[in-house]
Amino acid sequence: MITFIIAVFLLLTTPGPGVLTLAGVGSAYGYRHGFRYLIGLLIGQNIVAIAVATGLAAILLAAPIIRNILLVLSVSYMIFLAYKIAFSGSKIAFIGASKSPGVRGGIILQIINPKAYVVNTSLFTGFSIWPDSFTTEITFKFFALNLIWLCIHILWLAMGVTIHRLSLSARIQHFINISMAIALIAVVGLALWAQFYTN
């Protein structure tokens, strides 16, 4: 359970299209538009989570080879994302937005966001908490995921709004990028540990 909570925290804190665009919207348009977009991301996140938990989870639990293939794809994607962030230069790797996307934009982004599927697949199939009660495990995971998800995304939104008001040096912005990339690599390590050491 502790490993699961740590993984949720790291997976949601580390950058992906959702949090980076949320920070970008907050930086460009402030809290009001940012919260509308955050609501859309939350709805989209739960659509993806339900799709994974009700459809793919049963198949993955019954077919370890598919589970391992998805793990390799997930790890590969996270390493690629970490590389892109670490070497993004001296500007913080937020993804900007040309206009405020709103609730609908948040839902659409999460549905097409590969990290959302990677995260939910990893969390719902990679951490066995109550192997004798699938319903209890899924209920706990939904509750924990949504609670941590909301807190982390509010912080990312606040970070975007705050950074817009600051004049950070290129060196500090580069340090922030490296830190985000290292955190993402830590998630890869946790996923591999959960898959091979706990089984």
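**Exercise 1.** Is Tyr117 buried, partly exposed or exposed, and what is its relative accessible area?

*Solution.* The structure is a predicted model in which local features need pLDDT of at least 70 and side-chain atom pairs count only at pLDDT 80 or more, while totals for chains, interfaces and linings use all residues. Residues are numbered from 1 along each chain as its sequence is written, and side-chain values use heavy atoms, with hydrogens and water left out. The classes are buried (under 20% relative accessible area), exposed (over 50%) and partly exposed (in between), with a 1.4 Å probe and protein chains only. Tyr117 has a relative accessible area of 33% and is therefore partly exposed. Tyr117 is found in helix 6, residues 114-126, where helices are DSSP runs of H or I with at least four residues, numbered from the N terminus.

**Exercise 2.** Determine which nonpolar surface patch includes Tyr117, and which elements give two or more residues to it.

*Solution.* Patches are made of residues with over 30% relative accessible area and no salt bridge, nonpolar side chains (Val, Leu, Ile, Met, Phe, Trp, Tyr) being joined within 5 Å; a salt bridge is a side-chain nitrogen of Lys or Arg within 4 Å of a carboxyl oxygen of Asp or Glu. Tyr117 makes a patch of about 600 Å² together with Ile39, Ile43, Ile47, Ile108, Ile111 and Ile112. The elements that give two or more residues to this patch are helix 3 (31-62) and helix 5 (102-112).

**Exercise 3.** Explain why the buried residues of helix 5 lie on the same side.

*Solution.* Begin with the buried residues of helix 5, which are Gly102, Gly106, Leu109 and Gln110. They cover an arc of only 110° around the axis, so they are on the same side of helix 5; the arc is that of the directions from the helix axis to the C-beta atoms. The face turned away from this buried side carries the exposed residues Arg104 and Ile112.

Conventions. Patch = residues over 30% accessible without salt bridge, like charges linked within 9 Å, V, L, I, M, F, W, Y side chains within 5 Å. Areas by Shrake-Rupley, 256 points an atom, 1.4 Å probe, with all protein chains shown as cover.
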